Structure formats: structure tokens, C-alpha cells
Amino acid sequence: MRGAIVVDKERCKGCNLCAVACPLNIIRLTQKTVNKRGYAYAEQVVEGMCTGCTCCAQVCPDGCITVYRKR
Amino acid sequence: MTNQEIIQPENLVYKKPNLLNDKHMHYCPGCSHSVVHKLIAEVIEEMGMEDNAVGISPVGCAVFAYSYIDIDWIEAAHGRAPAIACATKRLWPENLVFTYQGDGDLACIGTAETIHSLNRGDNITIIFVNNAIYGMTGGQMAPTTLMGMKTVTCPYGRQADLHGYPLKMTEIAATLEGTCYVTRQAVHNVAHIRRAKAALRKAFEYSMQGKGSCLVEFVATCSSGWKMTPEAANQWMEDHMFPFYKLGDLKDKGSN
Ligand SMILES: Cc1ncc(C[n+]2csc(CCOP(=O)(O)OP(=O)(O)O)c2C)c(N)n1
Ligand code: SF4
Ligand code: SF4
Ligand code: SF4
Ligand SMILES: [Mg+2]
């Protein structure tokens, strides 16, 4: 089972709650880039590890994360 | 398998509910209000009530709830949402009618409206977002502020002799004959979000079955008012709010 997330980076407010919720610890906020509103935004930093568990997306207050999973 | 291969419509497992539109929500980063909005949208969508739901929005940070969830809304004066919900449900009983209120709105200026609506057994759901503070106006003490908790109007912490004691509206609601389902939930992690969503669904279903009033309290954070990061606010809520505002169902008459 493999997963991937897509973050709506312009909607993201950089609250970091998705990163806290990810059991594999593969989400980080950007360090050097910000979105149009000036927020650091969430990114999946390690490819190939996401299981598509949806934890990050469920806790995201702003509904910025879409999750895909493939067998 | 590349991300490109995984990111295909047939592999979609989670996305923002359609009913929550694309407008940028004005809430601070990490605010519990946003999570509660998402759950409301998901539950209404799953019940297929998109065209038959009327929300009554409050005064408080959630004043613009009507611009984010694409159902019908009526904006109430501060604290008066239950009175409007009562009338709306009586005039249009085929609709799902709910209020959305903060603790300043529900437990201070609107205490009378809330208690009388619940006591009448109006077939509505009252959604109560309790962050123990007046978020919108800049973090003043609310009736729900915890003992010892600092706000801009009690900078040395809430003291009983000066400010009285925090009010547990949900416990009061459970004693009223008119209430059918009274529960206290939280939305800070996946397990609680799932439980909270099930509770909200139950309340909405009871409202449609005419079983009496439902109150769903969400113990919530206000990271700006509490002056913490969203992550620290969630932790502070677990450590300080949950021991006083205990989570779980206080009353469920609907299943009989
Ligand atoms: C009649 C009236 N009195 C006072 C106010 C000022 N006011 C606006 S929001 C608010 C309290 C908001 O607190 P709460 O209901 O807890 O909502 P939150 O912002 O914390 O979600 C107050 C007192 C008002 N708008 N109208
Ligand atoms: S779907 Fe699960 S594993 Fe993948 S990034 Fe989100 S929380 Fe982490
Ligand atoms: S939880 Fe949502 S808003 Fe917060 S950082 Fe992650 S994607 Fe951004
Ligand atoms: S002030 Fe508090 S309740 Fe209002 S949006 Fe900000 S964090 Fe949320
Ligand atoms: Mg409040």
C-alpha cells in the first residue's frame, strides 16, 4: 500500500498540526519559502514512505490536504 | 510506484468536503473552529441534507460561518441563535436546524435563550464551541474561563472571590427534560475527530427524528487568545481543559 498527499499550499496557514499528526513524521513546514499570505506551508518531505493513512488531512483545520492511496 | 501514479482520481481517499467552499477561512492557524466547520460540512453531505439544512451563526469568531459552508444560514444577534433556531424549526420542520455558538455567546449573553430552547425540547442541535475565552474581541475572560487561567481581563488568573466559578453549561443542559442528547467532544487529534463526527451525526439525526434538543459541546483551543502555538494550545487543552470539562456523552435518551 502506497500513499501520497497533495497540499493546497495557498490555503495552508502553516499551523503544523498535520506534521504533528503524521505517524511517519514525513511532513515539514517550508523553511525558506512562504505562500501568498506569508505562511510557511506544509510539504511531504520524504517520497515513497506515505501510507495514505489520512491522519494529516483529517486534522488539517483548513482542509488543505488531499490524500491518495494505491494498492 | 511514483507519486504521479498514486495521485489519480481513482485512488482518492480523502479530500475537503465539497460543502466547505474554497473561500479562505479567516480563522487563525490551527483554530478548532475550522475543524468543527469541516465536520459539519462532512456530516451534512453524508446525510444528503445539503439543500435542507439551516445553520444559525453567532457573534464571535464564527460570525462568518455562513460564508464557508454552502447551506442556508441566518445570522443571529449575539446570544440569540437558539431563539431563531426555535422559530426556524417550527416554521420549516422538514429542515435540519442547528445553531453554532461560542462560549461567550452561549454561556454568557445567550444563557437564557440556550436554556429555554433546550428545556422546551426544540428539535434542533446546538453546537457549542468552548475555548474558555472571548476569542473575537481579543481574549477577555468568559464565564467558562478556568480557575487560575489568565486572560486580558484577568491578567493574574481567574479568582473565585473576584470572578466567580466557571460555568458548565453542558452539565446544566443534561438535567433539562427537553434535551435528548448531550455530549462533550474535542477535535485535536484523529481519534477525537472521528468520535466528534459520530456524535454530531447522531445529534443531527435525532433532531430530524424529532427526539428533542441536542447539545454538542466541542472543547476547543484559541491559540491567539491563549497566546500559544496551535500545538501547545492542543496540549494545554488536554492538560487543563479536559480535567474540568470531561469528554463523553452526558445523556442519550434517543436510542430508546
Ligand atoms: C450585544 C453585543 N454585545 C457584545 C458584543 C461584543 N462581542 C463580540 S464577540 C463577543 C464574544 C465572543 O466570544 P465567544 O462567543 O466565546 O466566541 P469566540 O470568538 O471565542 O469563538 C463579544 C462579547 C457584541 N458584538 N454584541
Ligand atoms: S497520509 Fe498518513 S503517512 Fe501520509 S503524510 Fe499524511 S499522515 Fe503521513
Ligand atoms: S494542518 Fe493544514 S493548514 Fe496546518 S500546516 Fe498542515 S496543511 Fe497547513
Ligand atoms: S481568535 Fe481564537 S477562536 Fe478566534 S479564530 Fe483566532 S484562534 Fe480561533
Ligand atoms: Mg470563546
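A polar contact is a pair of N or O atoms within 3.5 Å; within protein, one must be able to donate a hydrogen and the other to accept it, and residues adjacent in sequence count only if both atoms are side-chain atoms. By that rule, B:His33 touches ligand 1: a polar side-chain atom of B:His33 lies 2.7 Å from an oxygen atom of the ligand.

This is a predicted model, where local features need pLDDT of at least 70, side-chain atom pairs count only at pLDDT 80 or more, and totals for chains, interfaces and linings use all residues. Residues are numbered from 1 along each chain as its sequence is written, chains are lettered from A and ligands numbered from 1 in the order in which they are written, and side-chain values use heavy atoms, with hydrogens and water left out.

**Ligand 1**

Ligand 1 has 16 residues around it (a heavy atom within 4 Å). B:His33, B:Asp103, B:Gly104, B:Asp105 and B:Gly135 come nearest.

| Residue | Part of residue | Distance to an oxygen atom of ligand 1 |
|---|---|---|
| B:His33 | side chain | 2.7 Å |
| B:Asp105 | backbone | 2.8 Å |
| B:Asn131 | side chain | 3.2 Å |

**Ligand 2**

Ligand 2 has 14 residues around it. Chain A supplies the nearest: A:Cys22, A:Cys50, A:Cys53, A:Thr54 and A:Cys56. The shell divides into 11 nonpolar, three polar and no charged residues. Here Ala, Val, Leu, Ile, Met, Phe, Trp, Tyr, Cys and Pro count as nonpolar, Asp, Glu, Lys and Arg as charged, and the others, Gly among them, as polar.

**The A–B interface**

Contact (heavy atoms within 4.5 Å) takes in 33 residues from chain A and 35 residues from chain B. The two chains bury about 2,900 Å² between them. Buried area is the accessible area (1.4 Å probe) lost on being put together, summed over both parts. Carbon and sulfur atoms carry 61% of it. In chain A, A:Arg11, A:Gln58 and A:Tyr68 lose the most area, together 23% of what that side buries.

The rule finds 12 residue pairs in polar contact across the interface, both at pLDDT 80 or more. Salt bridges (a side-chain nitrogen of Lys or Arg within 4 Å of a carboxyl oxygen of Asp or Glu) number zero.

Strand S4 (65-70) of chain A is among the elements supplying at least two residues to the side that touches chain B. Its share is the largest, six residues. Strands (E, at least two residues) are DSSP runs, numbered from the N terminus. S4(A) also pairs with strand S1 (residues 12-14) of chain B, antiparallel, through two bridges; pairing takes at least two DSSP bridges. In this pairing A:Tyr68 stands opposite B:Leu12.

Technical notes. Helices (H or I, at least four residues) and strands (E, at least two) are DSSP runs, numbered from the N terminus.
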